[in-house]
Amino acid sequence: MRTLVNSLRLITVIAVVAAVLGQWLVSSTLPAYNPFNFFGYFTIQSNILIGIAFAVTLVAAARRKRADLGMSVLRGAATVYIATTGIVYNTLLVGAAVENTVPWSNDLLHKWIPLYAVLDWLLFSDRARLLFRHIWWFLLYPAVWTLVVLVRGATDGWVPYPFLDPSQGYGVVTLYCIGVGVTIALLGVLVVGMSRLRLVKV
């Protein structure tokens with residue numbers, strides 16, 4: 001079972017690298033390309049984080065080390081973020097016009113990788129039991145990301161997603177931010193709760 005789980009995680013890491021690279025190879029050729037904009041998307045960052053979390057887990061498995069609390073918090077946080085990416089994309093961003101999107105990369109980044117990451121956390125037992133106070137750590141990174149995006153939207157006008165566009169009014173943007181924040185907190189509760197389950201022993 002451990003070999004199968006490690007193989008699935010390795011495939012996921014490879015999929016993250018391929019999907020991000022595939023989209024970057026197209027985006028980087030555009031006249032308006034800006035690396036800070038490309039890597040500023042929560043989608044890109046959350047996929048990179050889940051890839052790093054799985055890579056760290058694979059290294060620990062190769063060394064035959066059990067997942068400690070710090071490693072589990074990292075993977076739990078990355079699971080929350082990638083699940084948020086999947087939920088937001090498939091609700092708030094359905095039908096949004098995005099130019100020069102690579103279809104297979106888009107599907108991996110927004111659908112299949114989030115789905116696998118959640119199932120991996122739910123099913124496999126090689127993670128420490130998290131505490132509900134860890135949810136505050138889960139919220140820290142999205143809060144900083146949102147603040148940076150809002151500052152950029154108010155200064156240079158760049159926003160990664162339409163629902164964060166200040167032109168629709170900061171009241172509307174605030175409501176969206178609160179909604180996403182609540183979603184992340186609820187996902188954090190679920191991730192912490194699932195860390196106590198041991199459905200498939202690894």
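**Exercise 1. Describe the lining of the second largest pocket by residue class.**

Solution. Start with the classes: seven residues are nonpolar, three are polar and nine are charged. Here Ala, Val, Leu, Ile, Met, Phe, Trp, Tyr, Cys and Pro count as nonpolar, Asp, Glu, Lys and Arg as charged, and the others, Gly among them, as polar.

The model is predicted: local features need pLDDT of at least 70, side-chain atom pairs count only at pLDDT 80 or more, and totals for chains, interfaces and linings use all residues. Residues are numbered from 1 along each chain as its sequence is written, and side-chain values use heavy atoms, with hydrogens and water left out.

**Exercise 2. Find which residues lie nearest the centre of the second largest pocket, and which helix gives the largest share of its lining.**

Solution. A pocket is an open set of points on a 1 Å grid over the protein atoms alone, where a 1.4 Å probe fits, with protein on both sides within 12 Å along at least five of seven lines; lining residues have an atom within 4 Å of a point. This pocket is lined by 19 residues. Arg2, Arg66, Ala67, Asp126 and Val202 lie nearest its centre. Two elements give two or more residues to the lining: helix H1 (2-27) and helix H3 (42-62). H3 supplies the largest share, four residues.

**Exercise 3. State how many helices and strands the protein has, then check its radius of gyration against a compact globule.**

Solution. Count the DSSP runs, numbered from the N terminus: helices (H or I) need at least four residues, strands (E) at least two. The protein has seven helices and zero strands. Now take the radius of gyration over C-alpha atoms; the globule rule is 2.2 Å times the number of residues to the power 0.38. For 202 residues the rule gives a value near 17 Å, and the protein has 17 Å, so the two agree. The C-alpha trace spans about 50 × 35 × 25 Å along its principal axes.

**Exercise 4. Decide whether Gly153 and Leu115 are buried, partly exposed or exposed.**

Solution. Apply the cut-offs: buried is under 20% relative accessible area, exposed is over 50%, partly exposed is in between (1.4 Å probe, protein chains only). Gly153, in helix H6 (residues 134-155), has 11%, so Gly153 is buried. Not counting residues up to four places away in sequence, Gly153 touches Trp158, Val159 and Pro166; contact means heavy atoms within 4.5 Å. Leu115 sits in helix H5 (residues 103-123). Its value is 43%, so Leu115 is partly exposed. Across the protein, buried residues make up 43% of the 202 residues.
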